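This briefing guides a first reading of the structure shown below. Please keep the sequence and the model side by side while working through the points.

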Amino acid sequence: MRHDVVQREPDLLGPEPIRPWNYIKMRRRAAGLTIEQAAKPFYQRPDHRACCEANLRTFEMPQVRVKDVRALDLPRAFPFDAGIYEMLRDLPQDEHPRLCVRCGWDEWTPQADREGGDTTWSGDLPGHCTRCEQDARRKGAL
Ligand SMILES: [Zn+2]
């Protein structure tokens with residue numbers, strides 16, 4: 001049996017794929033929420049708080065794939081597309097939907113940019129949406 005060590009060649013393979021656990025974290029952060037804030041819609045009693053926060057932390061851990069992501073009802077807390085999560089979880093990388101590499105936005109999701117327009121793909125910052133491009137510009141990164 002051969003055990004080849006495969007080292008990624010970023011120039012040949014393109015950018016790192018967005019994994020399902022990345023997607024949850026990206027969407028939560030794009031909404032400007034901490035784990036604690038994102039967990040709030042999921043508990044009514046204070047003694048459930050720690051459990052809900054721990055669950056959210058788990059969903060964002062590398063290699064964690066949620067089987068029934070729709071049952072989590074994450075859109076209660078932040079914009080999240082369970083169908084995209086399932087594609088990232090179940091399909092090979094070349095069949096993944098195109099997502100903003102920073103916030104996980106997809107072109108089928110209406111989202112206002114920072115200037116009151118509709119988010120679209122950035123012309124200046126490859127792989128990014130215009131909202132993230134505007135953030136980068138504001139921070140002086142562009
Ligand atoms: Zn973005």
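Directly after helix 2 (20-30), Gly-32 adopts a positive phi of about 75 degrees. The model described here is a predicted one. Helix 2 itself is mostly covered, since 8 of its 11 residues are buried. The points below take up this helix, the core to which it contributes, and then several loops.

- The buried residues of helix 2 are Pro-20, Trp-21, Tyr-23, Ile-24, Met-26, Arg-27, Arg-28 and Ala-30.
- The cover over these buried residues includes helix 3, helix 4 and helix 6.
- Which residues does Tyr-23 contact, leaving aside its neighbours within four places in sequence? Tyr-23 is in contact with Ile-18, Ile-84, Tyr-85, Leu-88 and Gly-104 when those neighbours are left aside.

**The largest nonpolar core**

- In soluble globular proteins, nonpolar side chains tend to be buried together.
- In this model, the largest nonpolar core has 21 residues.
- Tyr-23, Tyr-85, Cys-100 and Trp-105 are the residues with the most contacts inside this core.
- Helix 2, helix 3 (35-39), helix 4 and helix 6 are the elements that each give two or more residues to this core.
- Helix 2 supplies the largest share of the core, with 5 residues.

- Ile-84, Tyr-85 and Leu-88 are buried in helix 6 (82-90).
- These three residues are on the same side of helix 6, because they cover an arc of only 105 degrees around the axis.
- Gly-83 and Asp-90, on the other side of helix 6, are exposed.
- The packing partners of the buried residues of helix 6 are helix 2 and helix 5.

- Pro-17 is placed in the loop between helix 1 (10-13) and helix 2.
- Pro-17 has 13 other C-beta atoms within 10 Å, and is therefore partly exposed; a residue with 12 or fewer would count as exposed.
- Not counting residues up to four places away in sequence, Pro-17 touches Gln-93 and His-96.
- Pro-17 and Leu-99 are 82 residues apart along the chain, and their C-alpha atoms are separated by 9.9 Å.

**The loop between helix 4 and helix 5**

- Pro-62 and Gln-63 both belong to the loop between helix 4 (49-59) and helix 5 (69-72).
- Is Pro-62 buried or exposed? Pro-62 counts as exposed because it has 7 C-beta neighbours inside 10 Å.
- The C-alpha atoms of Pro-62 and Trp-21 are separated by 6.1 Å, although the two residues are 41 residues apart along the chain.
- Gln-63 likewise counts as exposed, because it has 7 C-beta neighbours inside 10 Å.

**Positive phi values at residues other than glycine**

- Most residues other than glycine have a negative phi.
- Gln-63 has a positive phi, near 80 degrees, and is a residue other than glycine.
- Asp-73 is also a residue other than glycine with a positive phi, near 55 degrees.
- Asp-73 lies in the loop between helix 5 and helix 6.
- With 12 C-beta neighbours inside 10 Å, Asp-73 counts as exposed, because the limit for an exposed residue is 12 or fewer.

**Helix 7 and the residue after it**

- Helix 7 (residues 130-138) has Thr-130, Arg-131, Cys-132 and Glu-133 as its buried residues.
- Just after helix 7, Gly-140 takes a positive phi of about 80 degrees.

**The protein as a whole**

- How many helices and strands does the protein have? The secondary structure comes to 7 helices and 0 strands.
- The order of elements from the N terminus is α-α-α-α-α-α-α.
- Of the 142 residues in the protein, 23% are buried.
- Among contacts between residues at least 6 apart in sequence, 48% join residues at least 24 apart.

Definitions and conventions: Residues are numbered from 1 along each chain as its sequence is written. This is a predicted model: local features need pLDDT of at least 70, side-chain atom pairs count only at pLDDT 80 or more; totals for chains, interfaces and linings use all residues. Helices (H or I, at least four residues) and strands (E, at least two) are DSSP runs, numbered from the N terminus. A residue is buried if 20 or more other C-beta atoms lie within 10 Å of its own, exposed if 12 or fewer, and partly exposed in between; C-beta atoms are placed from the backbone. A nonpolar core is a set of buried Ala, Val, Leu, Ile, Met, Phe, Trp, Tyr and Cys residues joined through C-beta atoms within 7 Å. Two residues are in contact if their C-beta atoms, placed from the backbone, lie within 7 Å. The arc is that of the directions from the helix axis to the C-beta atoms.
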